[in-house]
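Below is a short briefing on one protein model. It covers helices, the nonpolar core, salt bridges and the surface.

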Amino acid sequence: MKDQELQELTELRQEVARLKAIEAKYTALTQKTNGKPAAASVLLAKPDGQPAHDFRKILEVVPIPMFISRLADGLITFANKSVGELVGIAAEELLGRNTPNFYVDPRDRQFVLEAVQRDGHLYHHELHLKRADGSEFWALVSLQALEFEGEPSVYAGLYDITDRKHVETNLRRSEAQFRAILNAMPDLIFSVRRDGTVMDLRGGHDATLYKTEAEIVGKKIPDILPPDLAEQRLYYLEQAFQTGELQFFEFDIETNNGRRHEEGRFIVANQDEAVHIIRDVTDRARAEAALAKRATALEAVAWVSAAVSSILDTDQLLQQVADLTKDQFGLYHAHIYLLNNAGDALDLAAGAGEVGAKMVAQGWSIPLHNQKSLVAQAARTREGVIVNNVRQAPDWLPNELLPATQAEMAVPIIVGEVMLGVLDVQSDQVDYFTAEDVSIQTTLAAQIGIALQNAATFARQQETSWLLQERVKELDCLNDIGREILDSPPIPDFLNWVARRIPQAMQHPEVCAAAIEYDDRLYGNPTALDMPAKIVNGLRVTGQLVGRIHIAYAEPRPFLDEESAMLGGIASRVGGYIENQRLVTQIQERATELEDTTHFLNSVLDNIPSGLFVKDAENLAFVRFNKAFEELTGFKLAEVIGKTDFDFFPEDEAEFFVAKDREVLNNAELVDIPEEPIHTASQGVRYLHTRKVPIMGLDGQPRYLLGISEDITERKRIEEALRENEVRLSEATSIAQLGYWELDFQTQMFTFTDQLYALLRTTAVDEGGYQMPVMQYAQKFVHPDDANVVGAEIQKAVDTTDPNYSAQIEHRIIRADGSEGFILVRFRVIKDAQGRTIKSVGANQDITERKQAEFEREQLLAEVQAAYRQYVRREWEQYLADKYQGNWQIEVAQSGVNPAEPAQTALQVPIALRGQSIGTLTLQDAAGERNWTEDEKALIAAVTEQLALTVENLRLFENTQQRAVREQLTREITDKMRAAPDVDSIIQTGLSELARTLGVSRTYVKLTPDRDQSGQ
């Protein structure tokens, strides 16, 4: 049944290998469509390692995104157009930027640097990156260390794999699960060719390899193993191919962890390949050897006991025991010491062979307190003592009669509580004795004590026999479990069988019951959980507790230590069987999953939204056409298979397609056609983004050409519209002097735009990127006098509970060039589901010119007000001087009050007009004891203000009347003068009217002649 199980497992592995091959083909297919950035790295160096002179021109036109950055700080020193398009920024603007700004997770960059510094390169590694605008994408990256412009640098080639990341992730997950199952298997599994070449290695995580995996894979068996083992391995390999049957063999081998005993199996997988499985059974072999040794030793003990059981003479008994112990246990020497009557020394009573007789004749005796004696130590401690290398023991004294002694063991001979003596045995081998030997020799010593005590001899022999029977029962139980495991029953059946088998191996099977808990179910006798006396052992699988084994007596009975040990052995075997069955089930499930995955991947290819086609490399005839391409071109699969581009497209288009196909096949590398027009059968002219890549055969020559086309017609239209909108938006924000930003409250990081940096008169390059800590921004750009205002607004945004909170503030800034300005900040907050403020977005507008205009307007207004106050003062002074000759004043008299003599309670209020005092209002209480209230003062101030306005209005009205009179008189005089017929009349009329108007008695005009230039 074990061979049948292995055969079924091998067949499952073959099926898994077949499905994995299908999955690998698809992986290769998708990798081909991603381009081969590593291939482009050959352009970076000549054979002697120096940079090629013309690689810049080559890399600048290569459609694969590429760049070079310094290894020390990640500064980009070269970038082609394709990488600029990939990250959303012009290639020339990438120069001088740092690559860490494009990593989503900074730990990825640390990994990349370590790999390049360690290996000099990193090929086809997937990275999670972000563009200049912060959007994230996935790229397949290949890197090569090189020296560029005298600096240690890194060349990088990228390919955007975001669109197919989901498919690849599912595929890797399936492959990882499959590999995990294989690697989790405890057996070493090799794939071996018929000529003995090892092709692959899996599993064996618990096994010890005699060579590293690199020293095994790709090598032939004679190059790996010693000649005798290699010859054995090749023989069974050939037998497997000749007979087609499973070949089984065992062997011993020296490994890095000592000598191991292993089982080997060969089973044919195909006509040139076989599966070779190696299982490390060292522990089992050792356990079997230990059991055999124990059984032999116990048999020897029984034999010695039986042989001396009828001997009553003490000397004869002890001599017989010494001789039999030496012979039956294969020892170098054995002798027995007995405690003397005084209880202070151990006298040699018997020794094996002639040497023992000589030592007895010499009267050997060891004081009980002798600290250097192993025999005395065993007597004092009443425990067995072992020294497995007496030559290295500092206190060991050699015996000239026993020159070959290498190891020594002494066990006390005890009957009840009485210590009778010590059994001392010696071996001529280092590390010969074990704790098991102590146990066995202790048993023998007990038998010797029983023999010495004739009264207890028969009882001791019965007890020994019983113990042996119990051990045999235990061994039979373990062996039966092992045979049942080979039949591979279902786990529930197996657990029920084990629970029924355990009671037969116990001391009292008639009152014993056993039960096994596993997977929330109970197997065996459930009453075992409630019986008064029981022992329990955990059931573990791969180190995890998955259940328990219960052994119980219906009555209070003691358990032997050996029975507890047996329970541990049973638990170990049961746990191992459950683990193996789980692995078999997982492999079967994995095979089904892989089959489903293959079907799924085929469906993905047929239904992938991008158009996909495959051409024959020789004649460029179509051999595969997916549904998306049918819908795109309007041609059906049946119409296309076996035909070429010339059968469907205009000649110039067909020639263009064929030229690109030949370029792909001749150069054996991916060609990316960003845009090409195509005449379709039903949609007119469409624009495609096509990638073409060769698919190689086993001979390394192109066999097919794979093309993946994406209809970019609508995207092209949208992109053109977006570009126009972006230009308009950029112009609008530039005209409005607006700059947008975003603040992440968790990281305390600002994210700025180029327009905002322009507002601050700096750039992202000068500031090290588009992100900046809040404190750095505040210290560098916010005016120190306005820092508290900005900080208070930020704190309000954090503390607010309003999910729609928005605000605006004005504050001063210090630009990068040191000049000061004003900005208007408008922003709103973004909260999470718990109402916490997580982000703030906003826009800053430069209002420096507006603020300067406001300052100038305020200053001009202040000057106008000052001038107006002076004008008012001057006009009133003139008015009062003209009207009252400086003696005018405003007084309000009250009954019985003399205004000229103000009392202590008088209140004087200035009469002010636009800040200029033009008089005083004095109020005085007749009683002389008045306290003016604030309301009264306010009322008087209001009255005074109205009084000032009224007086000013009267002055202005009077001035206006006077001006009107003057203007009227002027018009009348002018009209009369115009009516005069000549100059004399005009003069006479003017003088008469002027005298009448002014009320004077005489007016005259004195006329003088003009002087010439000479003054005459």
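**Helix H26**

Glu854 and Lys851 both lie in helix H26, 3 residues apart, about one turn of the helix. Helices (H or I, at least four residues) and strands (E, at least two) are DSSP runs, numbered from the N terminus. The model is predicted: local features need pLDDT of at least 70, side-chain atom pairs count only at pLDDT 80 or more, and totals for chains, interfaces and linings use all residues. Residues are numbered from 1 along each chain as its sequence is written, and side-chain values use heavy atoms, with hydrogens and water left out.

- Glu854 forms a salt bridge with Lys851, with 3.6 Å between the closest N and O atoms; a salt bridge is a side-chain nitrogen of Lys or Arg within 4 Å of a carboxyl oxygen of Asp or Glu.
- Lys851 is buried at 13% relative accessible area, whereas Glu854 is partly exposed at 21%. Buried means under 20% relative accessible area, exposed over 50%, and partly exposed in between (1.4 Å probe, protein chains only).
- Helix H26 (residues 848-884) also holds Leu861, which is partly exposed at 47% relative accessibility.

**Whole chain**

- The protein chain has 28 helices and 33 strands.
- Of its 1016 residues, 40% count as buried.
- The accessible surface of the chain is about 55,600 Å², and 51% of this belongs to carbon and sulfur atoms. Areas come from the Shrake-Rupley method with a 1.4 Å probe; for residues, only the protein chains shown count as cover.
- Among contacts (heavy atoms within 4.5 Å) between residues at least 6 apart in sequence, 50% join residues at least 24 apart.

**Nonpolar core**

- The largest nonpolar core has 32 residues, and Leu495 and Ile570 have the most contacts inside it. Such a core is a set of buried Ala, Val, Leu, Ile, Met, Phe, Trp, Tyr and Cys residues joined through side-chain atoms within 4.5 Å.
- At least two residues of this core come from each of helix H15 (457-486), helix H16 (491-501), strand E17 (512-518), strand E19 (533-541), strand E20 (544-553) and helix H17 (561-607). H17 gives the most, with 7 residues.
- Leaving aside residues up to four places away in sequence, Ile570 touches Cys477, Leu478, Ile481, Val498, Ile502 and Ile549.

**Other salt bridges**

- The structure holds 30 salt bridges.
- Arg471 pairs with Glu474 in a salt bridge, the closest N and O atoms being 2.4 Å apart. The two are 3 residues apart in helix H15, about one helical turn, and both are buried.
- Asp480 and Arg501 form a salt bridge at 2.9 Å, N to O. This pair links distant parts of the chain, with Asp480 in helix H15 and Arg501 in helix H16, 21 residues apart. Asp480 and Arg501 are both buried.
- A network of salt bridges links Lys615, Asp645, Asp661 and Lys692.

**A loop position**

- Ala668 sits in the loop between helix H20 (651-667) and strand E23 (671-679). It is partly exposed, with a relative accessible area of 26%.
- Ala668 and Pro702 are 34 residues apart in sequence, with 7.3 Å from C-alpha to C-alpha.
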